[in-house]
Every structure is written in C-alpha cells, then in structure tokens.
Amino acid sequence: MKYIERHMEDLVLKLSRSWPVILVTGPRQAGKTTMLRRLSDREGLGREYVSLDDLTVRELAKSDPKMFLELHKPPLLIDEVQYAPELFTYIKIHVDERHNPGDFWLTGSQVFRLMRGVQESLAGRVALLHMSPLSQREMGGAECVPFTTNFDVLAEQGKKLRPLSTPEIFERLWNGCMPGLVSGVYDDRNIFYSSYLSTYVERDVHDISGTVDALKFLRFITAAAARASQLVNYKSIAGDADIDQVTCKNWVNILETLGIAFLLHPFSNNVLKRTVRTPKLYFYDTGLVCYLTRWSSPEVAESGAMSGALLENFAVSEIVKGYQNAGLEPFLHYYRDRDAREIDVILESDGKLCPLEIKKTALPDRRISRGFRVLDKAPLQVGTSAVLCMADKLGAFDRDDLIVPIWMI
C-alpha cells in the first residue's frame, strides 16, 4: 500500500506549535486518522491514539470524561470525537490550566454538529480544519496552491503539472478520490462504494437522525447524485425517493454534516435583485456520484448525458479542496438570474469577483466571457475571469479573460 502525502500535513504541525487543540473534520475514509497517526510518528512525542469507535472507550468518555483524560494523557489523538461531546468541557479545563500547544488532536466525521459543540466549549482554543478526499494535486504529488485566476501563478503551475487528456480526466473523475481506492488498499471500486454506503453512511445517518429507512435513503442519495451541479430541487428529489420535502431537506443537511456533499450558494446583493436564491448541490467525490448514477466506465461517463454536470462537479470540488487543504475558507458562489443569465462559479478574492465558466470543450467560444459582464453592476470590482475547459495548455481571449485547462486546478 502506498501512502499519499496530504497537503494538510505541514499545516497541522505548524498549527500544533501555537494551538492547544487541532480538530480535523471530514467524511469517513477521507484519510484523517491515517494522516494524523503518521504525523504522530514524525513528531516523536509518543502521542497516544484513542478511538471512540470502540464502544467501551466511548462509554468511559461519555460517563466520566475527567477519568478518561486521567487515563489517556496528552499529547493525545482522539478519533471520532463527535461520539463524546462531554469531553469538550474537560479538554477546555485542561487547556486553560496547562496552555500546552498541540496537546489534543481530534478527528470527527460529523462536521456541523462537532463545530457547534466545539465553538461552545473550545472557542479560541481550537484550530478547525476540514479534510476532504484526495485532491488531484495530492494524487499527482503536486504542491498545494489554491486555485486563482492570477496569470503568473497559473503560468508557473503549468510548468510543474503533468497535462491530462480528456479521457484521463474522466478516468480520475469516475474512479473517485477516496484514499483507500487511490492507494490500492481496495481494488474493487464497486464493492468499495457499496460497502461505504452501507457500513458508514447508513450508520452515521442513524446516529444523526435516528430511525431511517435505508432503502429510501439510498434512493434519496441516488436522486441527489443524479442532480449534481444543479439547483437543489427538493420536490423532485423527494418524489424520486418517496419521501416528503421536509425529510428531503433534512437529508440534504445530513449529506453536508457528513462531509459528503456541499451547497454552493448564489451571489446576490441589493443591486442584482433578479437573482435566483436556490443553492446548487455538489459532491466532494465524483466517483461516488458515478457509482450512484450507474455509469459503468469512464468512457460511458464521458459520453453520457451527465458528462457536463460531472465535469462541473469535478472542477468545483477540486477548487474547494485546494482552499481547504491550505486551511483557507473558499469564498465561492454562482450566479443565475430570472433572465436565464448564468455564471457557473464566482470566486471572491482580494475584494474582487472572478467569474468562472466550466465547459467540456478544448476550444471555448469567446462569447462565453461576455456573460461575465452581468457582474459589472456588482459592488465589488470584477477581476480576471476564466473558462475552465479541456484545453491542453493555458491560454487567453485577452488580458482579463483566461482559458485554463481543468488539469491545472
């Protein structure tokens, strides 16, 4: 088995020199524990590892958190800490008494619930990081550089990255980005995703929401995957899954909570009043989307009816991962108004709005960039735009409108 180095490694070690608690959240099987256990070895501090997946250990952490921390002394790595939020108060007491940087490394698979508990108990004492499945840059051994439309940065990166053809991109998109698959621990993709859904997702859904009809939830997540990169249509998804719209909204929230999917919210302000208010749905792992929507091979996915949506999901998720891996908040939106004018992604950076369009073509039409002018009325300055596409190298329509290959994200 080959371990793939994660971009977040140096960031964790750096933060551990000043923060007493580091919390890494993200979906199961994303590689959080593997990374932190390897970093523990690099530290050489003899950091103890405890998993709250162990029911006996979990019971002690919940019933007597003070005793738990007397038995398991820092420096300590606690895995799946969401199962014992009772620990947070005692971790706070320990931190306030000793002020030792790096005493606690925590992981958790339920993003928002964890953060609520942490913010209540450990505000100002914890550094929060979110780890998604592998990014393409991590898989290719490239450095962590969050996506930008800065031409000089892109030109420099273009020299360091290996270009990928359209079939190669769709092969990566279809295979997915779970470390267990990419590293070769599991060699059957279909069995991996089937097991992932039944072993992890269903169990965690039960933990969050109680009794859930497993068959209906599978129909729900399949219906959601079929609408990746689209505006969230709760009525349509609920109809496919045979559930009501309230349940559908709750289950979309669960996909967010488990770090499986995320919503891209529309850009709007008082000047641009005709904008659509509904968010768009994306998955962190396009391999899971392809599995759920039954695309049997990369070639079929590339030629199928969802190819454009899959490519958009792939590109947007890669941009998000790049920022998360650098410990940064990705300020991303999309634009659509009632006149059917649309921009796939708006990247807000340094007080500017950088519009991005994602196209499955190697030769984008210059007219695409004209649609970006709808942002001229926005309160922020419009920065350099880009069409993300299947071009083989970095190009431009002009100084303000770039053509960026998707393999460069």
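Helix 11 and helix 12 are roughly perpendicular to each other (a class covering angles of 65 to 115 degrees). Helix 11 spans residues 189–209 and helix 12 spans residues 214–225; they pack at an angle of about 105 degrees, with their axes 11 Å apart. The model is predicted, so local features need pLDDT of at least 70 and side-chain atom pairs count only at pLDDT 80 or more, while totals for chains, interfaces and linings use all residues. Residues are numbered from 1 along each chain as its sequence is written, and side-chain values use heavy atoms, with hydrogens and water left out.

**The helix pair**

- Leu197, Val201, Glu202 and Val205 in helix 11 meet Ala214, Phe217, Leu218 and Ile221 in helix 12, where contact means heavy atoms within 4.5 Å.
- By class, this contact has seven nonpolar residues, no polar residues and one charged residue.
- Axes are lines fitted to C-alpha atoms, for helices over the stretch in contact, and angles run from 0 to 180 degrees between N-to-C directions.

- Five strands form an open sheet in the order 2-3-4-1-5, with parallel pairing; two strands pair if DSSP finds at least two bridges between them.
- Strand 2 (48–51) and strand 5 (126–130) stand at the edges with a single partner strand each, so one side of each has no neighbour in the sheet.
- Strand 1 (residues 21–25) is joined to strand 5 by five bridges, and Thr25 stands opposite His130 in strand 5.

**Helix 2 and the sheet**

- Helix 2 (residues 32–43) lies across strand 1, strand 2, strand 3 (76–79) and strand 4 (104–108), and runs at about 165 degrees to strand 4.
- Helices (H or I, at least four residues) and strands (E, at least two) are DSSP runs, numbered from the N terminus.

Terms used
Angles under 35 degrees count as roughly parallel, over 145 as roughly antiparallel, 65 to 115 as roughly perpendicular and the rest as oblique. Ala, Val, Leu, Ile, Met, Phe, Trp, Tyr, Cys and Pro count as nonpolar, Asp, Glu, Lys and Arg as charged, and the others, Gly among them, as polar.
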